[in-house]
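This briefing is meant for someone meeting the structure for the first time.

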Amino acid sequence: MNAKEKSVNRKVTLISIISTFGGLLFGYDTGVINGALPFMIQKDELNIPASAEGVIAGALTLGAAVGAVTGGKLSDKYGRKKIITNLALIFIITTIGCAVSPTLGVLIFFRFLLGLAVGAASVVVPTFLAEMAPTHKRGRIVAQNEVMITGGQFLAFTMNAILGTTMGHVPGVWRWMLVLATLPAVILWFGMLIVPDSPRWLAANDSESKAFDVLKTIRTPEEAEDDMEKIKISLKSEKELDKASYKDLKIPWVRKILFIGIGLGIVQQIVGINIMMYYGTTILEKSGFSRNAALMANIANGLTSTVAAFFGMFIVNRFKRRSVFLTTLAGTTTTMILITLVNAFMKGNPLMPYATIALTITFLAFFQGGISPITWTLLSEIFPVRLRGLGMGMATFFLWIGNFFVAIIFPWLVANVGMTYSFLLFVIFNVISIVFVIFFVPETQGKSLEEIELDFKFNDHFKKEDRI
């Protein structure tokens, strides 16, 4: 490797690290409520009733649904760099707002605003990474964002455990748990000041000379010229296409793709991942752990998620998508059944908390190692170029709505029907998810995007042998 190639690699690595701090914030802000909630609901804190616990987590996910729809459009208009830089400021302001909230209403308001940034980051950061990365590194660099998200959740669980076990007696300790997210947000803001904008966005907005200047810093000279030519051809092709609109839904095969995309987004959420992410500490407390022990045990959940996400990066292109999807769904379903049985028959047993933490770790390994990376891979593949923005926007919106549904319903279920029947409902959701994948989700491994589109247009959307 010559000096130029080393310089290019360092530049691309720096850009990917800085921008994926947006993913880290996504993970931290969704995971921190896990350990903060048991403290903030106390009578001498915000005195939150059980019926309102889900609203605190749900406010962020509802905001994220809106942010996911609007974030991509804003980044198309104003540029990836500018939007990510402004998102960093929103993360800082809304995080401080959450941390100093004097009442439940104020907290919910700032959590919703924080959700706007989380949702926008979930769309804009992967887009920015894909446009900045060289072709041969694109898959790994984009997948790095998923690792940073789980890393952010792991960081949140770790800080919750440290603060909760050492300062649990201090009034307002949950405020410190929340406000720590300002540190990576500050790093993201300063870092984005030295990062160039996407060459593809620059070229699309009549700045081809600037786009080429950027490419020369993140590509070898030959790669820069080749990528610039490809960008020009791609932009010319897109200009010749009609703009996607909701009128396209009149086409049967387009409706089928959109149905599958929305279904994938919902499936990813209703299997129960955010029971573990938002309420893991509460679940472990109810299983028999003390609060401090639950906070410490929850670190294992975060570590498992991060390790499994690394594993998922490597298997996504090595095995058939549907096989991995169905195998890991079978794993989460079996695990959820076992958690239900543990809650039904092991109450009062000293082994119950250890069985519970072992099963939650197993659930997270199946989800983060297969279901999550396969979902995002399929969503990036099934939509035709002209419909990708519209399709991804709608699928991501419903993904976050599914997230909101889980966040809202679980505390209410626990308070009204108990843990056993709450988990039983998610067993049913897992079974429904398996049925959906068997009958509707196509196999895309080894096919070009054009081949996938033709399968939808002219065939039953996947061949009979793919159902096996």
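Predicted model: local features only at pLDDT ≥ 70, side-chain atom pairs only at ≥ 80, totals over all residues.

## Helix α13 and its surroundings

Helix α13, which covers residues 252-270, has 19 residues and reaches 27 Å from its first C-alpha to its last, close to the 27 Å expected at 1.5 Å a residue. In the protein as a whole, the secondary structure comes to 19 helices and zero strands.

**The helix and the residue that follows**

- Helix α13 is mostly covered, since 14 of its 19 residues are buried.
- Just after α13, the backbone at G272 takes a positive phi of about 115 degrees.

**Q269, a residue of α13**

- Q269 is found in helix α13, and it counts as buried because its relative accessibility is 4%, which is under the 20% limit for that class.
- The side chain of Q269 makes a polar contact of 3.0 Å with the side chain of Q268, and a polar contact of 3.3 Å joins the side chains of Q269 and N403.
- When its neighbours within four places in sequence are left aside, Q269 is in contact with N274, L399, G402, N403 and V406.

**S433, a residue of α18**

- S433 lies in helix α18, and with a relative accessible area of 0% this residue is buried.
- A polar atom of the S433 side chain lies 2.9 Å from the backbone oxygen of F429.
- Leaving aside neighbours within four places in sequence, the contacts of S433 are with V267, I270, V271 and L329.

**The nonpolar patch on the surface**

- F259, V431, V435, I438, F439 and F440 form a nonpolar patch on the surface, and together these residues have about 500 Å² of accessible area.
- Which helix gives the largest share of the nonpolar patch? That share, five residues, comes from helix α18, which covers residues 388-440.
- V431, one of the residues in the patch, has its place in helix α18 and counts as partly exposed because its relative accessibility is 41%, a value that falls between the 20% limit for buried and the 50% limit for exposed.

**N145, a residue of α7**

- N145 has its place in helix α7, which covers residues 138-167, and at 4% relative accessibility N145 counts as buried.
- Although N145 and G27 are 118 residues apart in sequence, their C-alpha atoms are 10.0 Å apart in space.
- Beyond its neighbours within four places in sequence, N145 is in contact with T20, G23, V125, P126 and L129.

**Salt bridges**

- Side chains of opposite charge can pair when their charged atoms come close.
- D76 forms a salt bridge with R80, with the closest N and O atoms 2.7 Å apart; D76 counts as partly exposed at 46% relative accessibility, whereas R80 counts as buried at 6%.
- Salt bridges that share partners join D76, R80 and E131 into one network.

**The protein as a whole**

- Buried residues make up 55% of the 468 residues in the protein.
- Among the contacts in the protein with a separation of 6 or more, residues 24 or more positions apart account for 81%.
- The accessible surface of the protein comes to about 20000 Å², and 67% of that surface belongs to carbon and sulfur atoms.

Notes:
Residues numbered from 1 in each chain as written. Heavy atoms only, no water. Salt bridge = Lys/Arg side-chain N within 4 Å of Asp/Glu carboxyl O. Buried < 20%, exposed > 50% of the residue type's maximum accessible area, 1.4 Å probe, protein only. Patch = residues over 30% accessible without salt bridge, like charges linked within 9 Å, V, L, I, M, F, W, Y side chains within 5 Å. Areas by Shrake-Rupley, 256 points an atom, 1.4 Å probe, with all protein chains shown as cover. Helix = DSSP H or I, 4+ residues; strand = E, 2+ residues; numbered from the N terminus. Expected span 1.5 Å × (residues − 1). Polar contact = N/O pair within 3.5 Å; in protein donor to acceptor, adjacent residues only side chain to side chain. Contact = heavy atoms within 4.5 Å.
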